[in-house]
Amino acid sequence: MLMRSTSTLLAGLLAASLFSGCNKEKAPATAGAPTTSASATEPAADTVVATFGDGQKITFGELNERIKEPLANLEKQKFQTRKQGLDGFVVEKLVKAEAAKRGLTEEQLVKAEVDDKIPQPPEEEIKKLYDDAKERLPPGATYEQFKPQIVEFLNSSKKQERAREYFAELKKNANVQITLPEPPRPPAERKEVAATGPSRGPDGAPITIVEFSDFQCPFCSRAVKTVDEVLKAYPDKVKLVFRQFPLDFHKEAPKAAEASLCAQDQNKFWEYHDALFANQQALKVEDLKAHAKTVGLDTAKFDKCLDSGEKAAVVKADQEAGSKVGVTGTPAFFINGILLSGAQPIDEFKSIIDNELKAKQ
């Protein structure tokens, strides 16, 4: 029973690490494992799998060549499923060993190292979220009744982040080496994506990452840390360009996008970008103006820019550009034109970047 608590936490964390994003058709979703399984043996390449007409035929080899890209993608999905299971298996064993070493149950260990390390949200933050949602709550619903649920909601992402950190510490201390063989990356389809917008990194970098993002998307917020790690890992090799893609069901995202571009006019885009992602529960117009003051903007100029709606056309142009190259959710990254969808782990970025750097050599 105790291990079930640990396994449940691991399942949520590791599933989120494979693919996480806000989708145009529906709110945050994760990619599932492939529903088909390969047979133990496959037919020989010259095996005829279809005949028609006057002696015409199709061989198994011809079929595989025809669908080589989706087949490669299936192999990648199978690898990711195995890697997720392996990560969970390794961490469960490490948690069990560490709990025994410290004379704790596994549930007690996770509580001590994850739950108890999360500071409680301030009362004003809890109250603000209640006030914002009050109209949608049942008649007569009181603050005290819903406070525990609000606290749990505010703490959930923090607990996941702390759990990731702690499990990473366990793996580092145990010198875990993952030797699961990775299948070849499927043939890359490159898109022509204009690198226009606020940027970080050298202009002459061999790798350009164009990110389409939404300031109200929790998965975009989660990706910020990973992108920062990528830029630190390749300081002279990678340039990041940010483009706007507010989703329809995130009602405050379009104005937040405009606000970030108003901040760009005062050369404070990245400072404002960080402030928005750090305060995703506070994206109403009055909040956007308060964040401008916090990051040191000229508030009179900022307010005029935001109230005028002058940046709406830029936001719309970014959305149209993203839709044109197949963006359906956020975050979406184009690494030299190769699409990487969702809040992916840093290894997924490195795999594409390293292949691109090798190709350029």
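I will take these topics in that order, then recap.

Please keep in mind that this is a predicted model.

Let me start with helix 4, which covers residues 106-113. Which of its residues are buried? They are Glu 106, Leu 109, Val 110 and Glu 113. Looking down the axis of helix 4, these buried residues fall within an arc of 95°, so they line one face of the helix. As background, an α-helix has 3.6 residues a turn, so residues three or four places apart point the same way.

Next, the charge pairs. Side chains of opposite charge can pair when their charged atoms come close. How many salt bridges does a search of the whole structure find? The number is 28. I will go through three of them.

One is between Arg 102 and Glu 98, where the closest N and O atoms are 3.7 Å apart. Arg 102 has 38% relative accessibility, so this residue counts as partly exposed.

Another joins Asp 115 to Lys 159, with 3.8 Å between the closest N and O atoms. This pair links distant parts of the chain, 44 residues apart. Asp 115 sits in the loop between helix 4 and helix 5 (123-133), whereas Lys 159 is in helix 6, residues 143-173. Are the two partners buried or partly exposed? Asp 115 is at 31% relative accessibility and therefore counts as partly exposed. Lys 159 is at 19%, and the cut-off for buried is under 20%, so Lys 159 counts as buried.

Lys 159 also forms a salt bridge with Glu 152, the closest N and O atoms being 3.6 Å apart. Glu 152, at 44% relative accessibility, counts as partly exposed.

There is also a network of salt bridges. Its members are Glu 98, Arg 102, Glu 113, Lys 117, Glu 161, Arg 162, Arg 164, Glu 165, Glu 169 and Lys 225. The pair of Arg 102 and Glu 98 belongs to this network, and so does Glu 113, one of the buried residues of helix 4.

Now the cavity. The count comes to one cavity of 30 Å³ or more, and the largest cavity has a volume of about 40 Å³. What lines the largest cavity? The lining is made up of Arg 200, Glu 211, Val 224, Val 227, Asp 228, Leu 240, Trp 270 and His 273. By type, that is four nonpolar residues, one polar and three charged. Helix 7 (218-233) and helix 9 (269-278) each supply at least two of the lining residues. The largest share, three residues, comes from helix 7.

At 15% relative accessibility, Thr 226 counts as buried. Beyond residues up to four places away in sequence, Thr 226 touches Gln 344, Pro 345, Ile 346 and Phe 349.

The other threonine is Thr 330, in strand 7, residues 329-330. Thr 330 has 0% relative accessibility and counts as buried. Which residues is Thr 330 in contact with, leaving aside neighbours within four places in sequence? They are Gly 21, Cys 22, Phe 212, Ser 213, Asp 214, Cys 217, Phe 219, Cys 220, Phe 245 and Leu 247.

To recap: helix 4 has its buried residues on one face, the search finds 28 salt bridges, and the largest cavity takes three lining residues from helix 7.

Notes: Residues are numbered from 1 along each chain as its sequence is written. This is a predicted model: local features need pLDDT of at least 70, side-chain atom pairs count only at pLDDT 80 or more; totals for chains, interfaces and linings use all residues. Side-chain values use heavy atoms; hydrogens and water are left out. Buried means under 20% relative accessible area, exposed over 50%, partly exposed in between (1.4 Å probe, protein chains only). Helices (H or I, at least four residues) and strands (E, at least two) are DSSP runs, numbered from the N terminus. The arc is that of the directions from the helix axis to the C-beta atoms. A salt bridge is a side-chain nitrogen of Lys or Arg within 4 Å of a carboxyl oxygen of Asp or Glu. On a 1 Å grid over the protein atoms alone, a cavity is a set of points where a 1.4 Å probe fits but cannot get out, and a pocket is an open set with protein on both sides within 12 Å along at least five of seven lines; lining residues have an atom within 4 Å of a point. Grid points are joined across faces, edges and corners, and a volume is the space filled by probe spheres set on the points. Ala, Val, Leu, Ile, Met, Phe, Trp, Tyr, Cys and Pro count as nonpolar, Asp, Glu, Lys and Arg as charged, and the others, Gly among them, as polar. Contact means heavy atoms within 4.5 Å.
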